[in-house]
Amino acid sequence: MAANIAVENLNPKVLKCEYAVRGETAIHAQRLQEQLQTQPGSLPFDEILYCNIGNPQSLSQLPVTFFREVLALCDHPCLLEKEETKSLFSADAIFRAEQILAIIPGRATGAYSHSQGIEGLRDSIAAGIASRDGYPANAYDIFLTNGASPGVHMMMQLLIRNEKDGILCPIPQYPLYSASIALHGGSLVPYYLDESTGWGLEISDLKKQLEDARSRGIDVRALVVINPGNPTGQIFAKDNQCDIVKFCKNEGLVLLADEVYQENIYIGNKTFNSFKKIARSMGYGEDDLPLVSFQSVSKGYYGECGKRGGYMEITGFSAPIREQIYKIASVNLCSNITGQILASLIMNPPKAGDESYASYKAEKDGILQSLARRAKALEDAFNNLEGFTCNKAEGAMYLFPQIKLPQKAIEAAKAAKKAPDAFYALRLLESTGIVVVPGSGFGQVPGTWHLRCTILPQEAKIPAVISRFKAFHEAFMAEYHD
């Protein structure tokens with residue numbers, strides 16, 4: 001008997017789930033890349049430029065030397081016994097690798113660890129958090145994960161019981177959140193960031209959306225905040241963060257703080273402050289506010305996406321609830337050890353006086369300064385195109401310009417059964433090889449259209465990206481001119 005399986009009888013939660021960052025445009029880009037390899041010269045461009053995803057090393061960003069030296073030594077400890085290692089690796093990388101191996105049971109980086117991660121590495125991360133925030137942190141509160149995404153899924157799994165449970169999410173949002181809420185059968189409760197004020201968050205809008213959801217019988221469990229913003233690149237001011245913390249406290253909400261871009265700050269008059277630091281500075285302690293902070297090795301200046309490292313810090317949860325979180329973590333056994341080590345390193349990089357500090361700082365500053373220049377160049381380029389308006393990228397890795405499309409283009413998109421910004425993104429790809437994500441994949445104010453474009457192409461290639469984009473846009477607007 002043939003298996004009775006078809007799309008129609010699959011889990012409807014899976015069918016409802018969408019993830020635009022690797023959606024239709026990205027899949028089509030992969031097909032075109034294969035075509036370029038098998039039929040060179042068959043397309044009007046000679047390479048695909050992936051501006052759709054925050055994947056820095058795929059666009060030639062180099063890894064940080066110190067981090068990779070330590071990883072190499074931890075993964076192949078017999079190097080530490082060889083005399084020539086002292087001339088190939090910095091002394092502080094050797095010392096750090098020895099320290100790390102000493103806290104790994106049996107020095108076995110290929111063995112399973114504790115379900116929350118290796119305790120000594122969690123101690124190191126807690127020390128890094130305390131140093132960053134000026135308030136204590138505890139290894140007991142740290143859960144090491146394969147990137148930030150599994151932590152988000154774990155919390156959705158914990159909080160969502162059925163479609164009557166809601167999660168407040170920013171619009172535009174990183175589609176991990178809408179996808180995870182859909183997969184776990186909950187309801188996304190949107191709150192809109194204000195594009196006209198640089199993607200500001202208004203507490204009055206949060207309150208309105210919360211009350212509206214409750215009036216429809218939705219039990220809103222948590223508020224998601226992304227700081228710095230993805231896809232919007234804004235950095236929250238302290239006062240705004242204090243208001244958000246108060247709102248969660250007053251309304252009995254769990255605060256889910258996505259802080260994976262905390263190192264990506266491009267303007268001098270703003271700094272990153274974690275929500276935990278803000279809550280503690282307001283006098284809120286462990287028992288006052290359930291707060292989950294997410295961090296990842298994939299972003300920042302390190303960009304180690306493929307290493308799949310990250311953590312969540314959970315505070316303000318009772319012991320019985322923590323047991324349930326631990327149980328979910330245990331089902332996955334543990335996160336990968338390389339990612340665990342890297343998460344401890346990014347929270348405790350070389351310090352002044354260490355042998356590697358000068359080269360580490362030069363690499364870090366070089367990457368962040370280049371990202372800031374690329375962000376400004378692309379922002380200016382978008383703002384010089386007809387119909388485009390683009391807010392400043394204060395942080396993160398993206399620009400999210402709005403595009404006003406001619407009515408004829410909107411009608412052509414409708415005829416092709418596509419959202420207008422998706423129609424534009426596909427035409428851009430087919431003409432230039434540039435891959436962006438349509439704003440409809442992130443959510444946007446109805447009747448507006450956007451694109452998310454990373455700032456990650458090599459700096460030397462940015463002028464070519466801009467000129468190709470400009471030539472396409474001018475031709476597109478001429479073709480569909482009202």
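Two strands count as paired here if DSSP finds at least two bridges between them, and helices (H or I, at least four residues) and strands (E, at least two) are DSSP runs numbered from the N terminus. With that in hand, proline 438 stands opposite leucine 451 in S14.

This is a predicted model, so local features need pLDDT of at least 70 and side-chain atom pairs count only at pLDDT 80 or more, while totals for chains, interfaces and linings use all residues. Residues are numbered from 1 along each chain as its sequence is written, and side-chain values use heavy atoms, with hydrogens and water left out.

**Around S14**

Let's stay with S14 for a moment. Strand S13 (residues 437-438) pairs with S14 in the antiparallel sense over 2 bridges. S10 also runs antiparallel to S14, again joined by 2 bridges, and there tyrosine 398 has threonine 454 as its bridge partner. Which residues of S14 are buried on its two faces? Leu451 and Cys453 are buried on one side, Arg452 and Thr454 on the other; buried means under 20% relative accessible area, exposed over 50%, and partly exposed in between, with a 1.4 Å probe and protein chains only. As a rule, side chains in a regular strand alternate between the two faces of the sheet.

**The seven-stranded sheet**

Elsewhere there's an open sheet of 7 strands with mixed pairing, in the order S2-S8-S7-S6-S5-S3-S4. Its edges are strand S2 (142-145) and strand S4 (187-192), each pairing on one side only. Neighbouring strands are turned by 20 degrees against each other on average, direction ignored; axes are lines fitted to C-alpha atoms, for helices over the stretch in contact, and angles run from 0 to 180 degrees between N-to-C directions. Inside the sheet, S5 (residues 219-226) and S6 (residues 254-258) pair in the parallel sense over 5 bridges, and isoleucine 226 has aspartate 258 in S6 as its bridge partner.

Helix H7 (residues 149-159) touches S2, S3, S5, S6, S7 and S8, and its direction makes about 155 degrees with that of S7. Helix H9 (residues 203-215) touches S3, S4 and S5, at about 150 degrees to the direction of S4.

**Helix H3**

Over in helix H3 (residues 65-75), the buried residues are Phe66, Phe67, Glu69, Val70, Leu71, Leu73 and Cys74. Their cover includes helices H4 (85-88), H5 (91-103), H13 (337-346) and H14 (357-383).

**Salt bridges**

Side chains of opposite charge can pair when their charged atoms come close. A salt bridge here is a side-chain nitrogen of Lys or Arg within 4 Å of a carboxyl oxygen of Asp or Glu, and the count comes to 20.

| Pair | Closest N and O | Separation |
|---|---|---|
| Aspartate 219 – arginine 161 | 2.9 Å | 58 residues |
| Glutamate 394 – lysine 270 | 3.2 Å | 124 residues |

How exposed are the partners? Aspartate 219 is partly exposed at 37% relative accessible area, whereas arginine 161 is exposed at 55%. Glutamate 394 counts as buried at 14%, while lysine 270 is partly exposed at 27%. Arginine 373, at 44%, counts as partly exposed, and so does glutamate 459, at 32%. Finally, salt bridges that share partners join Arg161, Asp165, Asp219 and Arg221 into one network.

Definitions and conventions: Contact = heavy atoms within 4.5 Å.
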